[in-house]
Amino acid sequence: MIDEPRPALPLLIRTVLPAEAAAVAALHRRARATYYPDGLPDDGVDWTERWREAVARPDGVVLCAVRAGRLVALASFRTPPDAAPDTVGLFQFHVDPDHWRDGVGTALHTACVEQWQAESRTTAVLDVHVDNTRAQRFYAARGWQPDPERPAGEGDHHLSLRFAVPGGGGRERPSSP
């Protein structure tokens, strides 16, 4: 008998619910732990509370990817402080390590871009940890580039990236029939 790959379970991308803050914080912790060479630092932050606040922000969006009833990825974005209104900051983007390389990150990134297009955003910015080369490759493959307005300095722990949102800025999109 020939082994054929099983079809992937459906992936749902939706807005995070306030009651899911603890599950989001747990996924965030698992993903962050993968790119700290000396282990995840104890930053003293109550991440469940911080995620609860992010979900409740009227000026922000927190999306998640759900497969088989389980959160497998998340993204949080809003206009950064002192940024132009057509700029969006991707403040958090994490995929559960058990779901790397199975299309979850790509699907969530696509959903983010679609949301940014709907909001007439022209530019997205993010900071990625310097030791997170896997994420840097992921972003580069999707068109993110080093941000010339925020170059990395000596000893920086993060790299700043910029993305030109395709079709952003209110360009007319075809309507559905």
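**Exercise 1.** Compare the reach of helix α1 (residues 21-32) with the span expected at 1.5 Å a residue.

*Solution.* Helix α1 has twelve residues, and from first C-alpha to last it reaches 16 Å. The expected span is 1.5 Å times one less than the number of residues. That gives 16 Å, to which the reach of α1 is close. Helices here are DSSP runs of H or I with at least four residues, strands are runs of E with at least two, and both are numbered from the N terminus.

The model is predicted: local features need pLDDT of at least 70, side-chain atom pairs count only at pLDDT 80 or more, and totals for chains, interfaces and linings use all residues. Residues are numbered from 1 along each chain as its sequence is written, and side-chain values use heavy atoms, leaving out hydrogens and water.

**Exercise 2.** Find which residues of α1 are buried and what they pack against.

*Solution.* Step 1: buried means under 20% relative accessible area, exposed over 50%, and partly exposed in between (1.4 Å probe, protein chains only). In α1, the buried residues are Ala21, Val24, Ala25, Leu27, His28, Ala31 and Arg32.

Step 2: these residues lie on the same side of α1 because they cover an arc of only 165° around the axis. The arc is taken from the directions that lead from the helix axis to the C-beta atoms.

Step 3: the buried residues of α1 pack against α2 (47-56), β3 and β4. Contact means heavy atoms within 4.5 Å.

**Exercise 3.** Give the strand order of the sheet and name its edge strands.

*Solution.* Step 1: two strands pair if DSSP finds at least two bridges between them. The open sheet has seven strands in the order β1-β2-β3-β4-β5-β7-β6, with mixed pairing.

Step 2: β1 (11-15) and β6 (145-146) each pair on one side only, as edge strands.

Step 3: β3 and β4 run antiparallel and are joined by six bridges. Phe77 has Leu90 in β4 as its bridge partner.

**Exercise 4.** Decide whether Ser76 is buried or exposed, and list its contacts beyond four places in sequence.

*Solution.* Step 1: Ser76 is in strand β3. Its relative accessibility is 6%, so Ser76 counts as buried.

Step 2: with neighbours within four places in sequence left aside, Ser76 is in contact with Trp51, Ala54, Val61, Val62, Gly89, Leu90, Phe91 and Gln92.
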